[in-house]
Amino acid sequence: CVCTCVCVYLSVCVSAVSSLPFVTNHSCRTNMVFYFLSEVTNPPTIIYMGRDKVENEELIKYGFPEDLWFHVDKLSSAHVYIRMPEGMLWTQIPEELINDCAQLVKANSIEGNKINDVSVVYTPWSNLKKTAGMDVGQVGFKDEKLVKKVRVEKRINEIVNRLNKTKEEKQVDFQAEQEARHAKDRAKIREGERLRREAEAAAIKKKKEEAELRSYASLMKEDKMTSNRDVGKSFREMEDDFM
């Protein structure tokens, strides 16, 4: 399967669209992105969409591991990504949010927007495959088994209009965002390694202390100690031995 056209990303956030981080001063190319706010989740969810196929290509290239990709099956359409909160599985996305994404994809498909009963496919960003022979904005799949489908009977204007009312346009540097994410991941790995080393050192110290306590306890046992009765001498006799 090869898909192409406009791109959309979606990210869970607590605040409004204007609070999303974006980059305007960076040596790499900044991209014009359309933002939408979906309030079917709590906290609300941000949907952001590339303006053209160039932005589409950037979104494919600079995605995050927790991104989930949507597209009208077998037709040209927008590409929609859900950026899931940490710890959420892509099979656990709320149905209402999937419906918002599917409606946005359909509404941004020239052909799909005109017909009923279309299928929308979705898969993790990590399952997207880009080869040298593909055009700008085109993408395939690494594993078809990781692709799911949802049926869209018709366009629901209530959903599309609700999303369009929240639409904003901003500049974003996808490469800078991905680099920042990688730096955060590396820092998290380093912190995990530090905590692991500290835990190992603490375990070794505790084991050593426990061994020393066991050794001391064994020395203090009565059958290991010597008294004047054991040597057959009185206290006076033993005292005279040191005189």
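The model is predicted, so local features need pLDDT of at least 70 and side-chain atom pairs count only at pLDDT 80 or more, whereas totals for chains, interfaces and linings use all residues. Residues are numbered from 1 along each chain as its sequence is written, and side-chain values use heavy atoms, with hydrogens and water left out. Helices (H or I, at least four residues) and strands (E, at least two) are DSSP runs numbered from the N terminus.

- Strand 4 covers residues 67-72 and is mostly covered, with six of its six residues buried (buried means under 20% relative accessible area, exposed over 50%, and partly exposed in between, with a 1.4 Å probe and protein chains only).
- Asp67, Trp69 and His71 point one way from strand 4, while Leu68, Phe70 and Val72 point the other way.
- Strand 4 pairs in the antiparallel sense with strand 6 (residues 118-124) over five bridges, where pairing requires that DSSP finds at least two bridges between two strands.
- Strand 4 also pairs in the antiparallel sense with strand 5 (residues 79-83), over four bridges, and Asp67 stands opposite Arg83 in strand 5.

**The turn between strands 4 and 5**

- Strand 4 and strand 5 form a hairpin with six residues between them, and Lys74 in the turn has a positive phi of about 65°.
- Asp73 is found in the loop between these two strands, and Asp73 counts as buried because its relative accessibility is 14%.
- The side chains of Asp73 and Lys149 are joined by a polar contact of 3.1 Å (a pair of N or O atoms within 3.5 Å; within protein, one must be able to donate a hydrogen and the other to accept it, and residues adjacent in sequence count only if both atoms are side-chain atoms).
- Not counting residues up to four places away in sequence, Asp73 touches Ser119, Val120, Val121 and Lys149, contact meaning heavy atoms within 4.5 Å.

**Helix 2 and helix 3**

- Ten of the 13 residues of helix 2 are buried, so helix 2 is largely enclosed by the rest of the structure; among these buried residues are Leu97, Ile98, Cys101 and Val105.
- Asp100, Gln103, Leu104 and Ala107 in helix 2 meet Ile159, Val160, Arg162 and Leu163 in helix 3.
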